[in-house]
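Here is a quick tour for someone meeting this structure for the first time. Have a look at the sequence and the model below, then read on.

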Amino acid sequence: MAGEINYAELKKGGFMKQKQKGFGSLRLKVIGGNLTAENIRVISEVAEKYGRGYVHMTSRQGVEIPFINVEQLAEVKEALLKGGVETGVCGPRVRTVTACQGSEICPSGCIDTYTLAKELDERYFGRELPHKFKFGVTGCMNNCLKAEENDVGIKGGMEITYNEEPCFSCGVCVKVCRTGALSMEDGKVVLDASKCNHCGRCVKSCPADAWVGTPGYIVSFGGTFGNFIYQGEELLPIIGDKETLFRVTDAAIEYFEENAKPSERFRKTLERLGIDGLKEKVRKAYEGGEE
Amino acid sequence: MAAEVIEFDEQVDITDVVCPITFVKAKVAIDELEDGQVIAVRMNDGEPVQNVPRSIKEEGHQILKLADNEDGTYTLYVRKVEEA
Ligand code: SF4
Ligand code: SF4
Ligand code: SF4
């Protein structure tokens, strides 16, 4: 292919072919939606010098610089790298891990989403698979980051326990629970665990700290939100620790790798084979993983 | 639940505003209290009653009771806690 541009190779580096000949939109690597001031500065300089002076924000917290001349691509990448900015990926591999601000910033947050997004990124980013694969991390049931639209979505929640002693029957938790899991009987709160969705609102609002919450991860599998729309499914109980979480995410990716046809999205694989195979695999991983 | 009576020093009605002004209005009223005074905050069912108690807790004030007025509104009794 002498003299021709290998777009498949280019795409790995996040260079999206543009309508305008010889130009592409360069996708940058953003983890969990955060960029430092230095990152932004260099992106701004590059957009001015090599692009058309603007950037485009993607729906998955990515940033693209349109109108990069393909001949200047290497130079542009080098300039970006000086400001700590790497290029993103496209094509059949693990994509940008998205995240909301999570418990470090947001009062509603149950889990530290940004740290988890970085860890997932280190573990999986760019890994070659039969098709693209998306992770999204959202800090709580408010779901600002739309966990279920990802191939694997992770949502923060809480496992809760009630201590009678500090409870002074103020009634706040019964009212804030949106699933009707709580009721007041003789001045004590009664939990119907089957209705609890682990949102943690009772914990966050109890003035006496009578509710104790342990943060956990609620994982959904096989979501997609493109040509074809499907809400990822929860196949496991809430997960209390990261080792288990990573065993489960490893298992999901492995399952996809082993079972998907080339160019088949996770959801399509699950539709073709049924959900039970994946269910069994992640269940094993959840229960201890030792095979 | 027995309808116990809670004594209060001031009251504020936030049923005429929507989130996030509900909390702002309550906060302004609490700010005007002396340390230890109790305020009755009347709020609407739905979002206000789900969010305002928690926001007040996060500000460090002491929540005493949430009473159902049985007219689609609730009254939250709050004791002001001056920041240490
Ligand atoms: S999902 Fe929850 S933690 Fe994340 S930004 Fe939204 S409200 Fe905050
Ligand atoms: S965690 Fe959420 S759903 Fe469960 S009892 Fe508490 S408020 Fe209700
Ligand atoms: S919010 Fe806390 S103190 Fe009030 S009724 Fe519920 S558990 Fe008891």
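## Ligand 3 and its cavity

Ligand 3 sits in the second largest cavity. A cavity here is a set of points, on a 1 Å grid over the protein atoms alone, where a 1.4 Å probe fits but cannot get out, and a molecule sits in one if more than half of its atoms lie within 2 Å of its grid points. There are 14 residues around ligand 3, and the closest are A:Cys167, A:Cys170, A:Gly171, A:Cys173 and A:Cys206. To count as near, a residue needs a heavy atom within 4 Å. By class, that shell splits into 12 nonpolar, 2 polar and no charged residues; Ala, Val, Leu, Ile, Met, Phe, Trp, Tyr, Cys and Pro count as nonpolar, Asp, Glu, Lys and Arg as charged, and the others, Gly among them, as polar.

This is a predicted model, where local features need pLDDT of at least 70 and side-chain atom pairs count only at pLDDT 80 or more, while totals for chains, interfaces and linings use all residues; side-chain values use heavy atoms, with hydrogens and water left out. Residues are numbered from 1 along each chain as its sequence is written, with chains lettered from A and ligands numbered from 1 in the order in which they are written.

Around ligand 1 you'll find residues including A:Cys100, A:Cys106, A:Cys140 and A:Cys144. By class, this shell has 4 nonpolar, 6 polar and no charged residues.

## Where chains A and B meet

On chain A, 16 residues are in contact (heavy atoms within 4.5 Å) with 14 residues of chain B. There are 2 salt bridges between chain A and chain B (a side-chain nitrogen of Lys or Arg within 4 Å of a carboxyl oxygen of Asp or Glu). In one salt bridge, B:Lys57 pairs with A:Asp209 at 3.3 Å, N to O.

Technical notes: 1 Å grid on protein atoms, 1.4 Å probe; cavity = no way out; pocket = protein on both sides within 12 Å on 5 of 7 lines; lining within 4 Å.
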